[in-house]
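Subject: Structure handover

Hello,

Please look it over before reading on.

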Amino acid sequence: MAALLELTNIETYYGPIMAIRGVSLQVEAGRIVSLLGANGAGKTTVLKTISGAMDPQKGTVRFDGREIQTRDPDWVARLGIAHVPEGREVFPFLNVEENLQMGAFSRRDASIAADIELVYEYFPVLKGLRKQAAQVLSGGQQQMLAIGRALMLRPKLMLLDEPSLGLSPKLIQEIATIITRLNKEQNVTILLVEQNARMALDIGDFGYVMEMGRIVMEDECERLRNATDIQEFYLGMKDEGVRGRRRWKQRKTWR
Amino acid sequence: MDLLQLIVSGVSQGCVYGLIALGFVLIYKATEMVNFAQGDLMMLGAYVAVTFINILGWPFGWGLLATLAVMALVGVVLERLLFRPMLGEPHFAVLMLTIGLGFILRAFAGAVWGNEPQALHAPYAGQVLRVGELVIGYENLVIVLGTVLLCTLLYLFFRFTRLGIAMQAASQNQLAAFYVGIPVKRIFSLVWALSALVAAFAGVLTAPVSMIDPLIGFVGIKAFAAAIVGGFGSLPGAILGGLLVGLVEQFAGLYLPPGYADMSAYVLLLVMLMIRPEGLFASMQQKKV
Ligand SMILES: Nc1ncnc2c1ncn2[C@@H]1O[C@H](COP(=O)(O)OP(=O)(O)OP(=O)(O)O)[C@@H](O)[C@H]1O
Ligand SMILES: [Mg+2]
């Protein structure tokens with residue numbers, strides 16, 4: 001069976017800087033695939049390359065049998081890939097419900113209202129906040145909104161970029177549960193980027209580890225959990241990892 | 001009495017500034033481009049209306065609608081041909097492009113319609129409304145009512161329609177808008193269409209009062225000042241800034257020696273930048289578009 005998503009020898013640059021140095025990976029339909037790596041490894045760039053926010057210099061991105069590496073992100077989204085970006089990126093001045101409606105912008109079917117209710121079932125807190133501007137939500141609530149908004153696309157594949165970032169352990173647990181449920185109950189295939197290796201390996205089926213723009217390890221999460229390297233570098237070293245220098249944030253530099 | 005009379009003309013002139021300022025802000029918020037040809041789009045709109053109404057003899061209402069349609073199309077074409085390729089280019093490059101566009105539009109208008117000032121025929125031209133001692137020209141009344149009507153429609157559009165909300169979304173977070181599948185580039189075309197349409201509307205409103213010539217677009221500079229006074233990120237701020245500039249100008253004309261009135265917009269701008277650099281509406285910037 002062909003994978004739902006397949007990257008072959010992807011190379012992606014920021015100007016002259018080569019951020020992705022020949023990455024190949026597969027995501028099979030129905031699975032949760034985790035992509036791990038320290039910061040600066042290139043995980044976000046891989047997701048941006050998949051969703052079309054960046055075009056790779058070399059290599060192909062195949063989704064559902066089509067090559068999509070040169071397409072614009074809105075086109076890719078309409079094809080069924082929902083990208084939940086690093087830092088949530090909700091629409092700050094729109095209220096919660098409007099944010100969710102925007103998630104369904106490309107849809108014309110009659111079940112949009114029902115899907116909003118579905119999102120509220122997964123995230124009951126959002127229901128009480130439906131008329132609140134997204135900017136006043138807490139970090140955890142914004143993360144839920146971002147995931148809910150992505151769900152409104154009725155995606156085949158969801159790309160999640162560090163959903164645990166900045167959340168309390170309890171919230172991380174909650175988000176992890178939701179991700180598993182979406183995968184099982186809504187048939188959403190998931191590519192999960194995390195620095196929180198423990199969470200990613202717990203809920204993932206298959207895992208890739210990136211370093212310096214390359215994939216350096218890949219295996220079933222079960223086995224990765226037991227690999228000594230992973231235990232030393234990712235599980236032992238506290239979940240927060242080394243987040244020193246960061247974020248000259250992704251303002252409108254999508255190309 | 002005098003004071004009321006001044007306020008009436010200040011408000012009606014201010015509405016025109018406000019509408020042009022609105023065009024600046026619409027484009028800036030969505031695309032981060034500053035379109036210095038906004039005033040020239042107003043000028044072009046006025047000439048298109050002259051073509052339909054004066055030259056082809058269409059009824060005023062139909063002429064207005066046709067003008068708005070044509071100018072919306074002009075907005076789309078400009079975006080598609082000139083500005084879409086400039087997305088992501090340095091701001092000064094885009095700025096130069098819009099300044100150049102202004103030159104081209106003025107030369108074009110001069111070549112097609114001539115440089116002599118002309119007036120748009122409006123059925124209500126010359127009539128006045130008397131309220132006690134106050135004399136209000138119908139032209140001014142139409143400007144104010146037209147502005148109120150347009151702003152109401154825009155408010156409803158941005159607040160309640162799917163497309164309007166998507167325009168807000170694309171302005172607030174371009175990348176996220178892409179990710180949820182909003183066709184952001186097409187949205188930008190629509191923003192340009194809307195902004196050219198608003199400018200043309202201002203042109204049609206003002207053309208029966210003041211004579212038009214290819215250079216009337218220079219009021220765009222005052223409108224730009226108005227947009228900054230209003231906070232440059234806020235649509236209500238743009239209108240308020242326009243009103244403020246219009247009013248200050250009228251009063252300066254009365255109380256100061258001749259010539260000062262034309263400077264007043266910029267003096268207001270300088271004062272504003274000194275005491276409240278973020279503009280009138282900064283605190284609620286973008287709240288309601
Ligand atoms: N806008 C940018 N301009 C130039 N270089 C960039 C830019 N964004 C990222 N990089 C570089 O590309 C490399 C990969 O960055 P990327 O954001 O994909 O890493 P990441 O694995 O997502 O890290 P993190 O865990 O911190 O989110 C890094 O070395 C970074 O320095
Ligand atoms: Mg990242």
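Two strands count as paired if DSSP finds at least two bridges between them. Strand S1 (residues 5-14) and strand S4 (residues 58-63) of chain A are joined by 5 bridges and run antiparallel. Within that pair, Leu5(A) stands opposite Phe63(A) in S4(A). Please keep in mind throughout that this is a predicted model.

Sheet and hairpin in chain A

S1 and S4 belong to an open sheet of 4 strands in chain A, ordered S2-S1-S4-S5, with antiparallel pairing. Its edges are strand S2 (17-27) and strand S5 (66-67), each of which pairs on one side only. Strands of a sheet pair through backbone hydrogen bonds, either parallel or antiparallel.

Further along chain A, strands S9 (residues 206-211) and S10 (residues 214-220) pair in the antiparallel sense over 6 bridges. They make a hairpin with 2 residues between them, and Met212(A) in the turn has a positive phi of about 50 degrees. Tyr208(A) stands opposite Glu218(A) in S10(A).

Thr44(A) is in helix H1 (residues 43-51) of chain A and Glu86(A) is in the loop between strand S6 (81-84) and helix H3 (96-103) of chain A, so the pair ties together parts that are 42 residues apart in sequence. Thr44(A) and Glu86(A) are both buried.

Nonpolar cores

The largest nonpolar core has 92 residues, and those touching the most other members are Phe91(A), Met102(A), Leu19(B), Leu22(B), Leu120(B) and Ile182(B). Helix H8 (residues 184-206) of chain B gives the most to this core, with 14 residues. Apart from it lies another core, of 48 residues, including Ile116(A), Leu167(A), Ala176(A) and Leu192(A). In soluble globular proteins, nonpolar side chains tend to be buried together.

Phe91(A) has contacts in both chains: leaving out residues up to four places away in sequence, it touches Met102(A) and Arg149(A), among others, and in chain B its contacts include Ala169(B), Gln172(B), Asn173(B) and Val180(B).

Aromatic pairs

There are 13 aromatic pairs over all chains. In one of them, the rings of Tyr28(B) and Phe232(B) have centres 5.0 Å apart and planes at 75 degrees, so the pair is edge-to-face. Tyr28(B) lies in helix H1 (residues 2-31) of chain B and Phe232(B) in the loop between helix H9 (219-229) and helix H10 (235-255) of chain B, 204 residues apart. Buried or exposed? With a relative accessible area of 31%, Tyr28(B) is partly exposed, whereas Phe232(B), at 11%, counts as buried. Both residues are part of one aromatic cluster, along with Phe24(B), Phe36(B) and Phe224(B).

Phe157(B) and Phe158(B) form another edge-to-face pair, at 5.3 Å centre to centre and 65 degrees between the planes. Phe158(B) has 6% relative accessibility and counts as buried.

Confidence

The predictor gives the complex an ipTM of 0.89 and a pTM of 0.88. Chain B averages a pLDDT of 91, with 97% of the residues scoring at least 70. Over residues 283-289 of chain B, pLDDT stays under 50, and the model has 17 contacts beyond four places in sequence for that stretch. Where pLDDT is low, the predicted coordinates should not be read in detail.

Regards

Conventions: Residues are numbered from 1 along each chain as its sequence is written. Chains are lettered from A and ligands numbered from 1 in the order in which they are written. This is a predicted model: local features need pLDDT of at least 70, side-chain atom pairs count only at pLDDT 80 or more; totals for chains, interfaces and linings use all residues. Side-chain values use heavy atoms; hydrogens and water are left out. A nonpolar core is a set of buried Ala, Val, Leu, Ile, Met, Phe, Trp, Tyr and Cys residues joined through side-chain atoms within 4.5 Å. Buried means under 20% relative accessible area, exposed over 50%, partly exposed in between (1.4 Å probe, protein chains only). Contact means heavy atoms within 4.5 Å. pLDDT is the predictor's confidence in each residue, from 0 to 100. Rings of Phe, Tyr and Trp (its six-membered ring) pair if their centres lie within 6.5 Å; planes under 30 degrees apart count as stacked, over 60 as edge-to-face and the rest as tilted.
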